[in-house]
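Visitor: Hi! Could we go through the aromatic rings together?
Guide: Happy to, let's bring it up.

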Amino acid sequence: MDKNHLDCPYPGCFFCVMKEANPSKRRTSIMKFFKDLPSQDDEGQVLAISGLWNTAMAHPNDPEFIDLGIFECMSALILKGFKNRRWLSHDQNIYIPYYAAHIIGSYTMNMEEFAERAVQAGVITPLVELLRGRLTWVEQRVAVRALGHLATYDSTFPAVASHGEVLELSMELALSSLEIVYTHFYQFVDRRLSYHCDLLTRGMGGLEMESRKAEEWASQLQCWSLQLINCFAFKSEFLSVVCKPDFLVKLPGMWGGLVNENSPAGIGLLRTICHHKLGRPPVANCPSVIEALCNIARSSDDWQYMAVDCLLWLLQDSNTRHKVMDKAALALVDLAELSSLGDHKKLGDSIANVLLQDCALPQVSIRTMLTSHTKELLDELTSIRQRLKWEKNMPKEDLHIKQAASLVVKLEGNSLFSSGDIAGAASKYSEALALCPVKSKKERVVLYSNRAQCYLLLQDPLAAISDTTRALSLHNPVNRHAKSLWRRAQAYDMLGLAKESLLDAILFINECSQSTDPDLCLKQNKVPDYAERLVKKQMHAAWLFKEAALKHGGVHYDGKRGEAYVREGDDSEWETASESEMGNEEKEETNDDDSEWQNEDDRKIKYEKPPVFKGRTFL
């Protein structure tokens, strides 16, 4: 034994054991350490556990500790925390159950073999107790993460499901997680448990960092609960529990926020539910869920394609098509010319085929049950597809004549717009769209976007959303036409849909930052004042803790811990860009994509997107 071993104040120290040069002795010593640790009450145990946590995070696929009993050790330590509160409160042992559950989750994240060993070691029972809330929300977070990993594998899912309360507990946690974190940590600054603060910031930040990390962890607690539920939703026997109406209607609102944008959250679970024939009828019976899916399908949400998938599956099912057709068609018609969306190739063709599948059927088909507006939209879609076929056989000279005629009418619309005849301009843009060749996508993008601006000024946000979505679908690359993003952000704002408006506004700013167009590019890398105001408004409205704060009151703080970080709680009326300068300044421009975008005020800020957590997502 070297001098460092002799100088160590902790007999059998894990770090000393790890320095053992002889491999055989090292394995024996590590095995003994894992076996003896739960029965010891020595000080300094948290140092070894935190070291194991670091190792598990850095090398989750390394089998060495798995073979030597780490799962049995971690399981025993969590149970010890339940049974021996005196030990738990001594020294820094309060951290141990958190680290132990986190270690289990890290080692079971990627390897099914490790997950099987964990189940054999008896980790599920202590994890379920943490999920119940036997300690605090911090331990619930890592417990639901670990259980979600174990439930992912076919070989270990039955062991998780055998604890009948896991599904109900995870559903309750998904619904209440944001409120729990707000009331138990965020709201009362001076009552925050010190070990929670340490775990959140790793000692590297003050109150602002604590609050920001608490928001991130609250989102993860909800999203990881949804991931665990998602594992159950793949099994038909659990769908009746998952598809409770009171739970389904809440799913679209569970979106992870900007702090956890890499998780599909509620929309991911809805997609799993809609993929199964038993899950589609309960979803179709929730009008608010269908409406939310339509909004997500026509948004800048990263999970837009999941909403489209849900709507298509509902329409392809004869048991649900008639229930959702009127609502779904309004959104999907606007996406029928999408070339692709993520990995979905020729998505627009798939959408059009599903929407028009009744056209070849006799009059007793579902078409007779549709509203007149839906029929008009489907007829318009049919007309566009027929025009595209005709144009393939049309001489190029004729196409050029049509395009020139469309341009003349568009310019007439611009003139009317500049003179203040907004309704007349919209009519001219419609006429130009009817003349414009279907293949002339760039020109149609401009026409749809210009007409959308008219609809905004005419206070018709639904029509503006429809036209901007069509422009974004036609644009190359998809969803990257800056003006249409901004106009749709305003339209969603008029409808009070903060998340959709926020995502469009953020993407608008990102597009401007990359644009070479002098009318769009950010001057001195600063955000236009009108965009800044809308983003601030929607971040306030879409704040993860908004509902909890309204229900339980604002943040309480008596100033003992220094300067507190508190989200803006001003409920005064906000002035939106669509109500202020956008209404006047855009009337002064030609409303054409080649025209000047907008005058900006001198007061501007640099835009920084909040950091995001790169976590596991639904499979």
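Visitor: Phenylalanine 71 and tyrosine 107: buried or exposed?
Guide: Both phenylalanine 71 and tyrosine 107 are buried, where buried means under 20% relative accessible area with a 1.4 Å probe, protein chains only. This is a predicted model, where local features need pLDDT of at least 70, side-chain atom pairs count only at pLDDT 80 or more, and totals for chains, interfaces and linings use all residues. Residues are numbered from 1 along each chain as its sequence is written, and side-chain values use heavy atoms, with hydrogens and water left out.

Visitor: How many aromatic pairs does a search of the whole structure find?
Guide: The search turns up 22 aromatic pairs; rings of Phe, Tyr and Trp (its six-membered ring) pair if their centres lie within 6.5 Å. One of them joins phenylalanine 71 and tyrosine 107, edge-to-face at 6.4 Å centre to centre with 90° between the planes; edge-to-face means planes over 60 degrees apart.

Visitor: And how do tryptophan 543 and phenylalanine 545 pair?
Guide: Tryptophan 543 and phenylalanine 545 are edge-to-face, 5.8 Å centre to centre and 80° between the planes. Tryptophan 543 counts as buried because its relative accessible area is 10%, and phenylalanine 545 is buried at 0%.

Visitor: Which residues do ring pairs link into a cluster?
Guide: That cluster has Trp53, Tyr98, Tyr99, Trp137, Phe185 and Trp217.

Visitor: New topic: what lies over the face of phenylalanine 188?
Guide: Arginine 191 does, 4.1 Å from the ring centre. The cut-offs are NZ of Lys or CZ of Arg within 6 Å of the ring centre and within 35 degrees of the ring normal. Lysine 235 lies over the face of phenylalanine 157, at 5.1 Å from the ring centre.

How values were computed. Phe/Tyr/Trp six-rings, centres within 6.5 Å; stacked < 30°, edge-to-face > 60°. Buried < 20%, exposed > 50% of the residue type's maximum accessible area, 1.4 Å probe, protein only.
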